[in-house]
Amino acid sequence: MSIIILKIGGSVITEKGSVSRAREAEIDRISREIAAFRKDSDSQLILVHGAGSFGHPQAMKYRLSEGFDAQGAYLTHVSVKVLNSRVVESLNNAGAIALPIHPLSSCLLENGKIIEFQLGQIKVMLEKGIIPVLHGDVVMDRIKGASVLSGDRIIPYLATALNASQIGAGSDVDGVLDDKDIIIKKITQYSFVNIKKNIKGSNSTDVTGGMLGKVSELLELAKKGISSRIFNASRKGVVSRFLYGEDVGTLIEDK
Ligand SMILES: Nc1ncnc2c1ncn2[C@@H]1O[C@H](COP(=O)(O)OP(=O)(O)OP(=O)(O)O)[C@@H](O)[C@H]1O
Ligand SMILES: [Mg+2]
């Protein structure tokens, strides 16, 4: 059975310039695209969503990247969980059965690197036709106390651990753009050397590296022979096209 891993960026489902503001209509539209695909396909689907304005401003306020802050960890987790509940509710309302999985309760980090990730629950959900919905989160870290684990880092981990066949990250841009704002159709570790200077963080608050962080994570995955795509989930129908295997956005590949 083939596994699809889809990440929907916080830039799509929240207003990243604000604090804790969801884009309800966007969440519902994407849920409908996912639910329609589920009726057509028996692929197994894992959804990961970014934290957007429900995580980045909070993590920034409590300086979670700089050091341990118990209250900051609590408040950031509680906030992103509100967004997660909204996404899960929306999927179920659209007719796709989905359940939440919080990385805080299922992962352990060491200096930001994932060293434990409970896959058992995810596997049973997939077997039962349920969409596990994970998200960027604050996660306990053996060295740092707690660290931010981005959705962008969860995708390559799960893709490798579960041998997924289709991996995509939807954001609010048409793909990775060059210096003239034209979509770069394909990035490899070799071409990255020259285009890296044009790939930046985010225009909004983003503690996990924005587009550069995303491309870097997905290039590491590509080195293991697993390709992925970065596309615009803010444009109607593009999530659906990705799910159906169409050539959308930027392909991140080994060679
Ligand atoms: N070369 C580039 N091509 C495309 N986007 C770029 C580039 N350089 C920087 N960016 C920025 O990266 C942003 C997307 O990354 P960002 O981390 O904000 O979104 P996200 O990952 O979808 O959200 P979240 O982190 O909340 O899940 C774009 O909105 C754009 O401002
Ligand atoms: Mg991001």
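Student: What makes the set with Ile5, Ile46, Ile122, Leu158, Ile187 and Val215 a nonpolar core?
Tutor: This is a predicted model. The term applies because a nonpolar core is a set of buried residues of nonpolar types joined through side-chain atoms within 4.5 Å. The largest such core has 40 residues, and the six you name have the most contacts inside it. Helix H9 (residues 210–223) gives the largest share of this core, 6 residues.

Student: Which residues is Val215 in contact with, leaving aside its neighbours within four places in sequence?
Tutor: Val176, Ile187, Phe192, Ile199, Ile230 and Ile252. Each counts as a contact because heavy atoms lie within 4.5 Å.

Student: Where do Ile34, Val133, Ala233 and Val248 belong?
Tutor: They are among the 29 residues of another core, which lies apart from the largest one.

Student: Why is the space lined by Ile8, Ile13 and Ile27, among others, called a cavity?
Tutor: It is called a cavity because a 1.4 Å probe fits there but cannot get out. The count comes to 1 cavity of 30 Å³ or more, and the largest cavity has a volume of about 60 Å³. Helix H2 (24–40), strand E2 (44–49) and helix H4 (70–94) each give two or more residues to its lining. The largest share, 4 residues, comes from H2.

Student: How do you know what classes of residue line the largest cavity?
Tutor: The lining has 8 nonpolar, 2 polar and no charged residues.

Note on methods. Residues numbered from 1 in each chain as written. Chains lettered and ligands numbered in written order. Predicted model: local features only at pLDDT ≥ 70, side-chain atom pairs only at ≥ 80, totals over all residues. Heavy atoms only, no water. 1 Å grid on protein atoms, 1.4 Å probe; cavity = no way out; pocket = protein on both sides within 12 Å on 5 of 7 lines; lining within 4 Å. Points joined across faces, edges and corners; volume = space filled by probe spheres on them. Nonpolar A, V, L, I, M, F, W, Y, C, P; charged D, E, K, R; others polar. Buried < 20%, exposed > 50% of the residue type's maximum accessible area, 1.4 Å probe, protein only.
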